[in-house]
Amino acid sequence: MKKSSIIIDRHFIVGQTDKRIYGSFLEQLGRAVYEGIYQPGNVHADERGFRKDTAALVEELHVPIVRYPGGNFVSGFRWEDSIGPVSKRPARVEEAWEVIETNEFGLNEFMDWCNISATAPMMAVNLGTRGIEAARNILEYCNFKGGTYWSDLRKEHGYQDPHNIKVWCLGNEMDGSWQIGSKTATEYGRLANETAKAMKIMDPSIELVACGSSGMQMPTFGSWEMEVLDQCYDNIDYLSLHTYYGNAENDTKNYLAKTMEMDNFIQSVVAICDAVKAKKRSKKQIHLSFDEWNVWYHSLESDKKLEKWTKAPHQLEDVYNFEDALVVGSMLITLLKHCDRVKIACLAQLVNVIAPIMTSDTGAWRQTIFYPFMHASNYANGTVLNTVVKGPKYDSKDFCDVPYLDTVVIENQESEELILLAVNRDLEEDMEVTCRISQFEGYERAEHLVMTHEDMKAENTEAEPYNVIPAQCSYTKIENGIMTSLIKKHSWNLIRIMK
Ligand code: AHR
């Protein structure tokens with residue numbers, strides 16, 4: 001059996017987690033909204049049409065913030081189409097995803113849904129086909145108390161109190177050739193800055209996210225970030241990062257190592273932010289909003305065959321398997337290891353569209369990736385400790401020196417708990433893991449949840465919703481200040497040590 005040791009010191013910390021690191025994303029796309037969270041007349045819907053079965057699963061995930069309405073969708077969106085009496089809202093050609101958008105569900109419905117789902121909105125404005133004017137109008141509609149055209153219209157629509165939306169995204173993936181109204185870094189940087197200025201004059205309490213590159217593989221990655229930050233550093237608060245992984249080559253060893261790239265991506269963007277800070281001799285620090293991350297590849301081929309210009313088609317409906325859950329677990333670990341700079345992150349997405357939750361007309365169920373996210377968001381809150389691992393490593397097709405054990409330790413002072421999240425990337429052997437915890441006097445009771453499966457491609461479906469699920473195990477012991485755990489080969493683990 002391989003062995004690793006984890007070295008922690010409660011005084012050597014990375015930082016405090018921001019709850020919003022467990023955000024998610026709901027795009028006006030496919031069946032995310034329609035049939036996902038909203039389906040009037042469905043047996044599971046409430047009197048307003050919100051799916052109660054979906055809401056119950058969202059609640060289990062403890063998602064503190066949800067990005068909306070896109071994504072690529074937002075770059076062609078006229079937000080005014082989505083407010084007021086539903087019967088008067090226009091149906092539109094939605095070019096980002098080549099569908100028909102009815103606008104039956106819109107801004108205020110989303111705010112209602114946030115309220116019942118105990119989550120906060122993260123609203124994106126259209127900087128593709130639109131700009132400053134539309135951005136300040138939607139802000140006035142949402143956040144201004146009253147006595148002006150847009151704020152009074154909100155009241156007329158039944159919302160006396162402002163929505164007070166705190167976090168706003170300045171467009172989406174504006175460097176991508178697929179984006180409607182894509183821009184050069186110079187064009188976007190200037191527009192983002194002027195939009196940010198206008199929005200903050202109206203509501204100085206808001207926080208703004210500027211678009212970083214839509215991926216590290218973009219040819220302009222790096223220079224885009226530099227240029228955009230150079231232009232809007234003083235008026236924005238976060239820079240965005242997006243990443244999706246897949247295993248199209250069916251090389252699981254390499255697939256499980258892909259978070260090495262995510263780690264490098266974060267470190268690179270932090271370095272760029274700080275280089276611009278130094279150049280500007282600024283005291284202000286830009287934080288990161290990793291507002292799209294997940295596995296996305298299963299549905300890419302079948303989506304090409306979908307009929308165009310239909311309403312709410314089955315788009316981006318990846319059915320996740322067990323190995324995808326391990327990658328999602330590793331992605332969470334990576335985000336947590338950078339919690340000093342990553343303050344917001346959004347699992348893309350939440351329901352039906354590359355999502356942990358799936359629905360049909362008859363019910364809702366949890367995909368494999370639901371579990372690592374739920375474990376982290378429910379328990380991994382507090383102080384992330386500098387987690388040093390001494391143990392064996394491997395090389396894969398694209399990566400060298402990949403630790404078999406991917407792990408992070410969090411101390412929750414409030415609940416007096418030590419939380420360890422771990423993925424064993426080893427496909428052949430279990431691992432013995434030790435960690436000296438003598439600084440945590442009196443911490444004894446352990447809970448160890450493990451998720452593993454003999455079949456790396458095993459899935460949860462409506463017919464078999466509990467095929468891949470976590471189980472309690474007794475693989476963790478504490479003796480003489482040393483915690484020893486057995487970490488099964490190819491497994492996801494949540495270990496909690498309590499007083
Ligand atoms: O999440 C799906 C899509 O991925 C989003 O609309 C877009 O921003 C990204 O390319």
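Q: How much area is buried between domain 1 and domain 2, and what share of it do carbon and sulfur atoms give?
A: About 3,300 Å² is buried between domain 1 and domain 2, with carbon and sulfur atoms giving 66% of that area; buried area here is the accessible area (1.4 Å probe) that two parts lose on being put together, summed over both. Phe-399, Glu-462 and Trp-492 supply 19% of what domain 1 buries against domain 2, more than any other three residues.

Q: Before we go on, what kind of model is this?
A: This is a predicted model, in which local features need pLDDT of at least 70 and side-chain atom pairs count only at pLDDT 80 or more, while totals for chains, interfaces and linings use all residues. Residues are numbered from 1 along each chain as its sequence is written, and side-chain values use heavy atoms, with hydrogens and water left out.

Q: Where are the bounds of the two domains?
A: Domain 1 takes in 2-9 + 385-498 and domain 2 covers 18-379, with bounds that come from an automatic or database domain assignment. Their C-alpha centres lie 30 Å apart.

Q: And how many residues are in contact across them?
A: Contact, meaning heavy atoms within 4.5 Å, joins 43 residues of domain 1 to 36 residues of domain 2.

Q: How many salt bridges does the rule find there?
A: Two salt bridges are found across the interface of domain 1 and domain 2, the rule being a side-chain nitrogen of Lys or Arg within 4 Å of a carboxyl oxygen of Asp or Glu. Elsewhere in our list of side-chain pairs, Lys-457 and Glu-323 meet in a salt bridge at 2.7 Å, N to O.

Q: Switching to pockets, what volume does the largest pocket have?
A: Its volume is about 850 Å³. On a 1 Å grid over the protein atoms alone, a pocket is an open set of points where a 1.4 Å probe fits, with protein on both sides within 12 Å along at least five of seven lines, and lining residues have an atom within 4 Å of a point. Grid points are joined across faces, edges and corners, and the volume is the space filled by probe spheres set on the points.

Q: Which residues lie nearest its centre?
A: Of the 37 lining residues of the largest pocket, Asn-72, Trp-97, Trp-178, Trp-296 and Leu-300 lie nearest the centre. The elements that give two or more residues to this lining are β10 (238-245) and α9 (300-303), and β10 gives the most, with four residues; helices (H or I, at least four residues) and strands (E, at least two) are DSSP runs, numbered from the N terminus.

Q: What about the second largest pocket, which domains does its lining draw on?
A: The second largest pocket holds about 440 Å³ of space, and its lining draws at least three residues from each of domain 1 and domain 2. Among its 23 lining residues, Asp-263, Lys-337, Thr-387, Pro-403 and Asp-406 are the closest to its centre, while α8 gives the most to the lining, with five residues.

Q: Last topic, the backbone: which peptide bond ending at Gln-349 is cis?
A: The bond from Ala-348 to Gln-349 is cis, with omega near 5°, and Gln-349 sits in the loop between β12 (342-348) and β13 (357-359). Asn-352 is also placed in the loop between β12 and β13, and has a positive phi of about 65° although it is not a glycine.
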